[in-house]
Amino acid sequence: MSSFEHPLLDDDAGPLVRPYTVSNGRTAPTAKLDLLSLVRSTGQLRPSQLEAEHAEALLLCREPISVAEVSAHLRLPAMVIKVLLSDLVDVGAIIAQAPDPAVDTTDQTVLEALLNGLQRRL
C-alpha cells in the first residue's frame, strides 16, 4: 500500500502520526463497540466533510464491516478505531450493530468463516 493510498502511512517510515494523536488523546469511545460489531455508512455525510482519519474510516464503511477489519485496514489500534467510529456514530455518519450474542465466538466454524471472509477482502 503506497502513501498515496493511505496518507497516514509512509512506505519506508511507517505511521506518520502517533495513534493517540488520531483520537485527540481520547481512549474511551462514546458508543459501545465490540471488535465484532458491524458498522455501515448511513450516507448522511461525505468523506470530504470530515478530517482525514474519519474520512478513511467512513470510506471503509460503505458496506458492513467489523470494527476489527477497520482497525486492520487502517493499521491503527482497535481502541483508536473505536474512538473514531464512535465519533462517526455520534454525528450520524455510520450505524453500528452489536454482534449476535447467540454466536459462539470460540466455535471453530465461526472462526474459519471469519478467517475466510478476511482473506477474501485482501
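Q: In which helix does His54 lie?

A: His54 sits in helix H2. Helices are DSSP runs of H or I with at least four residues, strands are E runs of at least two, and both are numbered from the N terminus. This is a predicted model, where local features need pLDDT of at least 70, side-chain atom pairs count only at pLDDT 80 or more, and totals for chains, interfaces and linings use all residues. Residues are numbered from 1 along each chain as its sequence is written, and side-chain values use heavy atoms, leaving out hydrogens and water.

Q: Is His54 buried or exposed?

A: Buried means under 20% relative accessible area, exposed over 50%, and partly exposed in between (1.4 Å probe, protein chains only). His54 has 14%, so it is buried.

Q: Which residue does the side chain of His54 join in a polar contact?

A: A polar contact is a pair of N or O atoms within 3.5 Å; within protein, one must be able to donate a hydrogen and the other to accept it, and residues adjacent in sequence count only if both atoms are side-chain atoms. Here the partner is the side chain of Asp87, at 2.9 Å.

Q: At what angle do H2 and H4 pack?

A: Two packed helices are described by the angle between their axes and the distance between the axes. Axes are lines fitted to C-alpha atoms, for helices over the stretch in contact, and angles run from 0 to 180 degrees between N-to-C directions. H2 (residues 52-60) and H4 (residues 78-90) pack at about 80°, with axes 10 Å apart. H2 is therefore roughly perpendicular to H4, a label for angles of 65 to 115 degrees.

Q: Which residues make the contact of H2 and H4?

A: Contact means heavy atoms within 4.5 Å. H2 brings Glu53, His54, Ala57 and Leu58, while H4 brings Leu84, Leu85, Asp87 and Leu88.

Q: Which residues of the largest nonpolar core touch the most other members?

A: A nonpolar core is a set of buried Ala, Val, Leu, Ile, Met, Phe, Trp, Tyr and Cys residues joined through side-chain atoms within 4.5 Å. The largest one has 18 residues, and Val39, Val70, Ile81, Leu85, Leu88 and Ile94 touch the most other members. H2, H3 (67-74) and H4 each supply at least two residues. H4 gives the largest share, five.

Q: Is Arg46 buried or exposed?

A: Arg46 is exposed, at 54% relative accessibility. Its place is the loop between strand E3 (38-41) and H2.

Definitions and conventions: Angles under 35 degrees count as roughly parallel, over 145 as roughly antiparallel, 65 to 115 as roughly perpendicular and the rest as oblique.
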